Amino acid sequence: MTINHYIFLSVALFCIGIIGVLTRRNVIIIFMCVELMLNAVNLLLVAFSKMHYLAASTFDAATKAGTDAQLFVFFIMVVAAAEVSVGLAIIVMMYRNTHSIDVNFLNRLKH
Amino acid sequence: MGITQLLFWILTILTLGSALMVIFSKNPVHSILWLIVTFFSISGHYVLLNAQFLAIVNIIVYAGAIMVLFLFVVMLMNLNMPAAPLKKKWLKFAGVLSGGSLMLVLIAALKDTESMRREVLMQTGDIGLINSLGMVLFKDYILPFEISSVLFLSAMVGAVVIGKKT
């Protein structure tokens, strides 16, 4: 597999996430589409790390090139887990106050 | 076409199809279940790239913890009513149009770049194993690792403070 397959897959996944954020109004589904975009970026980082490793391992068989990208993916997952816990708490509080999970109820800053 | 290519295309179709089902299904519970399918197929991609540690972490953290949290919120608060079709049609159309044109621009910009034909190492290579990742994580990235534990603590405290009854 060449890298362009992974780039096109990640671009498609990211744009599906963007379409979901723009068209849906349920705040939980918007949040899930953000997770989808994060996963598209993660997949692309892992693919690039393997591409970089293949390029580096032709000169040096014991190279560690590409390890950093996979650790970045690990840290992205850590931050996403923290983000989800706080975000869902905010959604629960919003539902308790407005009895709706529609994002259009949150336009009070406009008026 | 070898078995690796075949698995890549099957996983790609599964990923994109279930991602489309996430944004087009009416019931939020169905969306969450389709998102779990998406995460499992992305984990399959990681296995195919021999990033075994990330595949396991993706299943445990995303499909295991985060999606269960989503399901808990949706089911405990009884939010699984189908969405009312209040939104104007042209607004939905504009959203699909702008997302699709972003995809068009990105693909057209990246299609002819020089490095697009470079191979990705599939199935072999040991940088994705937990041995080599752990050596680098606890030597070079020990400070971000500890800072992320502080981030988790603050996120936990924040979630409790926000979520409790006033």
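Predicted model: local features only at pLDDT ≥ 70, side-chain atom pairs only at ≥ 80, totals over all residues.
Leaving aside neighbours within four places in sequence, Val136(B) is in contact with Lys64(A), Thr67(A) and Leu71(A), and with Tyr141(B) of its own chain. Val136(B) lies in helix H5 of chain B. The residue counts as partly exposed, because 16 C-beta neighbours fall inside 10 Å. Val136(B) and Leu69(B) are 67 residues apart along the chain, and their C-alpha atoms are separated by 31 Å.

Contacts between the chains involve 70 residues of chain B and 58 residues of chain A. On the chain B side, six elements each supply at least two residues: H1 (3-24), H2 (28-48), H3 (52-76), H4 (89-110), H5 (130-137) and H6 (142-163). H4(B) gives the largest share, 11 residues. By class, the side of chain B that touches chain A holds 48 nonpolar, 17 polar and 5 charged residues.

One packing between the chains pairs H1(A), residues 3-23, with H4(B). Their axes lie 8 Å apart, at an angle of about 160°. This angle is over 145°, so H1(A) is roughly antiparallel to H4(B). The crossing of H1(A) past H4(B) is right-handed. From H1(A), the contact draws on Ile7(A), Phe8(A), Val11(A), Ala12(A), Cys15(A), Ile18(A), Ile19(A), Leu22(A) and Thr23(A). H4(B) answers with Lys92(B), Gly95(B), Val96(B), Ser98(B), Gly99(B), Gly100(B), Leu102(B), Met103(B), Leu106(B), Ile107(B) and Leu110(B). The contact of H1(A) with H4(B) comprises 14 nonpolar residues, 5 polar and 1 charged.

Within chain B, the axes of H2(B) and H3(B) come within 8 Å. They cross at roughly 175°. H2(B) and H3(B) are therefore roughly antiparallel to each other. On H2(B), the contact is made by Pro28(B), Val29(B), Ile32(B), Leu35(B), Ile36(B), Phe39(B), Phe40(B), Ile42(B), Ser43(B), Tyr46(B) and Val47(B). On H3(B), the residues are Gln52(B), Leu54(B), Ala55(B), Asn58(B), Ile59(B), Tyr62(B), Ala63(B), Met67(B), Phe70(B), Leu71(B) and Val74(B). Of the residues in the contact of H2(B) with H3(B), 19 are nonpolar and 3 are polar; no charged residues take part.

The loop between H2 and H3 of chain B contains Asn50(B). Phi of Asn50(B) is near 60°, a positive value in a residue other than glycine. Most residues other than glycine have a negative phi. Asn50(B) is partly exposed, with 19 other C-beta atoms within 10 Å. The cut-off for a buried residue is 20 or more, so Asn50(B) does not count as buried.

Glu146(B) is found in helix H6 of chain B. With 10 C-beta neighbours inside 10 Å, Glu146(B) counts as exposed. In sequence, Glu146(B) and Met103(B) are 43 residues apart; in space they are 37 Å apart, C-alpha to C-alpha. Met103(B) is also one of the H4(B) residues that meet H1(A).

Confidence was examined for chain A. The average pLDDT of chain A is 86, and 97% of the residues score at least 70. H1(A) has the highest confidence in chain A, at 91. The lowest is in helix H3 (residues 67-98) of chain A, at a mean of 89.

Methods:
Residues numbered from 1 in each chain as written. Chains lettered and ligands numbered in written order. Contact = placed C-beta atoms within 7 Å. Helix = DSSP H or I, 4+ residues; strand = E, 2+ residues; numbered from the N terminus. Nonpolar A, V, L, I, M, F, W, Y, C, P; charged D, E, K, R; others polar. Axes fitted to C-alpha atoms, helices over the stretch in contact; angles between N-to-C directions. Parallel < 35°, antiparallel > 145°, perpendicular 65-115°, else oblique. Left-handed = near helix turned anticlockwise from the far one by under 90°. Buried ≥ 20, exposed ≤ 12 C-beta atoms within 10 Å, placed from the backbone. pLDDT = per-residue confidence, 0-100.
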